[in-house]
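This report covers strand pairing, helix packing and nonpolar cores in one protein model. The sequence and structure come before the details.

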Amino acid sequence: MTGLLSRVFRLRWTAVLLVGVMGQGANAADALNGKSLYLNGPVGGGASCTTCHGASPANNVNNIQAAANQPSVIQSAIAANKGGMGGLYNGKFSAAELADLAAFIDNPSVVAAPAASLAPASLAFSGTTIGQTAAPLAATLSNTGNAVLNIGTISIGGAAAGDFSVAGGTCANGLAVAAGASCTVQASFKPTAAGARAASLTITHNATGGSSSVALSGTGNATPQATIALSAASVNFGTLLTGTPSLVSTITVSNSGTAALNFTSIALGGANAGIITQGGSCAIAAPVAAGGNCTVTLQALPVAAGAFTASLTLASNASNGNATVGVSGVAATPAPALTATPSAIAFGSQTIGAAAVAQTVTLANTGNVVISFSKIGLSAASAASFSLGASDCGATLAVGASCAVPVRFAPTAEGAVSAALAVSSNATALQVGVTGTGTKQATATPVLSETGPIVFADTQVGSSAAAHTTTLSNSGNASLAISTLTLGGNQPGDFVLGGSCVAGGTVAPGASCTLTTALKPIAAGARSADLLLVTDSGAQFHLALSGNGVAVVITTPSLTIAPQSFDFGAVAIGATAPTRRFTLTNSGSAAVTLASAAYTGPFAAVADSTGCAAFPVTLAPGASCDLVVSYTPVNAGSNSGSVAIQSSVAGSSWTIALSGQGTAAAAGAAPSNRGGGGCSASDDVNDPMMVFLVIAAAIAIGWRRRQSKRVGG
């Protein structure tokens, strides 16, 4: 009987081992997939191994650790229906899945993690002339892990770091590389000195080690070469008059190379090259020594109205090629223009024999050439009642300038009289009508304290400039009544009128009232208006008002953050993940001051000389800096937090969302034996294999008894 049982057991385990060996494949084991199979059961559905082996194989419930990295043990148990495993899993696991299960049993604390591989390990550039750039070389960063690989920064360091630079590629700061994916980074070499040059390209990331590097090397060749540089890449002559030469523009041409700069051509080209005159010290027969310079002068003389363009090309032996200067401008036909404000003067009624009253006419040059006066005088049969005061108009008036001509009225006889202020110049002849009435009766004599124009300071749209005060006096011997007081002109709605002078009001002899005006623009740009005051005697006064409206400056800070959130992935408790950089950019039109940055969760600021300075930080429009953040989990499981950035402007803040996982090894547990071992669905000690052994023993006993009877018979 003992021998029979031994043979039964030998046959049983031989079959089991053969099945195990046959079921074991050559696939690389994936412990993460094994974890999923262990916790969830076969892909096609079925019981989870946790039913009889607990939440983690680390606890070694039912001696499951015997299958660590041994898929044949699991296959043998299924084939032998150990613990009922045959009924549960027979045919439901592939050989690769069994290998994955065995790998997970060996490594029950496995978690998803990225794995970085940067190849090749070194990039060697060919010998390159100093100052020249070699063809770029590329390295590939691959994520061979099973979680996202987050790139922190890409930088170059080392003794000759300045000779190398990142020239492109698909890898970038902040890029997330999916599991199984890759990106490239290109490096370039531009030696600054002769001899061997070396540096290293480093990519920081959240994989094991925190960074990957590629050695960079190259050789600088000291062949002397010239390098050309220009003080300006273009010349714009602005608006010129046809037939009038422009001012001379000078361009400095420098040689920043190590050999003499020899010109092969210095030529003008383009549609209007014929109106440009070239000069200067740069010449084909005059080499420019290394570190030296020469000049090119340009002058335009347009002959026709309209825009003009040309180009200056300097061809030479410079290592950086030919240099070109763009030339442009606009030509206009000379057109003198003269205006008068007001266009007419009305003195109204004035007492004969009283002191003369005066009003002022302002002449303005609104053309594009200098005004040359030939005569400024009065013309009319009754001009004896009118005279001109001292004028500040000289023989000429510059473009955009103005001058004043006072006109006086002292009637010599009763009745209406008229005259004209006549201005002769190289512009169209100009006349300003002048009227008045002589009377023997007492009259009011209105006098304004100024003749204008009144120019206000630039004022923000919606705001009001400081008020300006003008006084209206009555130097006559009768009361003065104001019949009209109004704003007209181009933009009367952009000005405010006030004061004690009002339409319908009166001013006693020897008394006065005030006019207050202010600019309150409703739109940006040049704003103008005309203040008109008319008295009951018919006297008219004009005051020109002008100023500029300035667009409202947006004071709300504008900040762009990239990225706006980040997951640091799985990190062991107490360890620190590779740092992450968040780029803060002022995307507004005004400087922004970031007052503070508050952190929550297991996240903290990292002092970095290449990152943002200590808060408060002020960023000019378009400027940026990097906020460097670290993650150090203190507890297992999911962690979340944030960085709240507060501006110095109340109510302006931005938030960066942060997250990560904290991991720790599973706690050990005392081994236990529930069921018969293996991955069994049974929680008691009734192993079906024992039933098989009992039946086999009974058969063996019966067989022995029959044999004994035959022998005895």
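## Sheet pairing

Strand β6 pairs with β8 (residues 182-189) in the antiparallel sense over 5 bridges. Two strands count as paired if DSSP finds at least two bridges between them. Strands (E, at least two residues) and helices (H or I, at least four) are DSSP runs, numbered from the N terminus. Within this pair, Gly-168 stands opposite Gln-186 of β8.

The open sheet consists of 4 strands in the order β1-β4-β8-β6, with antiparallel pairing. At the edges stand β1 (116-119) and β6 (164-169), each with a single partner strand, so one side of each has no neighbour in the sheet. From one strand to the next the twist averages 25°.

## Basis of the model

The model is predicted: local features need pLDDT of at least 70 and side-chain atom pairs count only at pLDDT 80 or more, while totals for chains, interfaces and linings use all residues. Residues are numbered from 1 along each chain as its sequence is written, and side-chain values use heavy atoms, with hydrogens and water left out.

In helix α4 (residues 71-79), 7 of the 9 residues are buried, that is, under 20% relative accessible area with a 1.4 Å probe, protein chains only. The buried residues are Pro-71, Ser-72, Ile-74, Gln-75, Ser-76, Ala-77 and Ile-78. After α4 comes Asn-81, with a positive phi near 55°.

α4 packs against α6 (residues 95-106) at an angle of about 115°, the axes being 8 Å apart. Axes are lines fitted to C-alpha atoms over the stretch in contact, and angles run from 0 to 180 degrees between N-to-C directions. Contact means heavy atoms within 4.5 Å. By class, this contact has 8 nonpolar, 1 polar and no charged residues.

## Nonpolar cores

The largest nonpolar core has 27 residues, and Phe-237, Val-253, Phe-263, Ile-276 and Leu-298 have the most contacts inside it. Such a core is a set of buried Ala, Val, Leu, Ile, Met, Phe, Trp, Tyr and Cys residues joined through side-chain atoms within 4.5 Å. Strands that each supply at least two residues of this core include β12 (234-241), β14 (263-269) and β17 (306-316).

Residues touched by Phe-263 include Ile-228, Val-253, Cys-294 and Leu-314, leaving aside residues up to four places away in sequence. A second, separate core of 24 residues includes Val-361, Phe-373, Leu-421 and Val-423.

Note on methods:
Buried < 20%, exposed > 50% of the residue type's maximum accessible area, 1.4 Å probe, protein only. Nonpolar A, V, L, I, M, F, W, Y, C, P; charged D, E, K, R; others polar.
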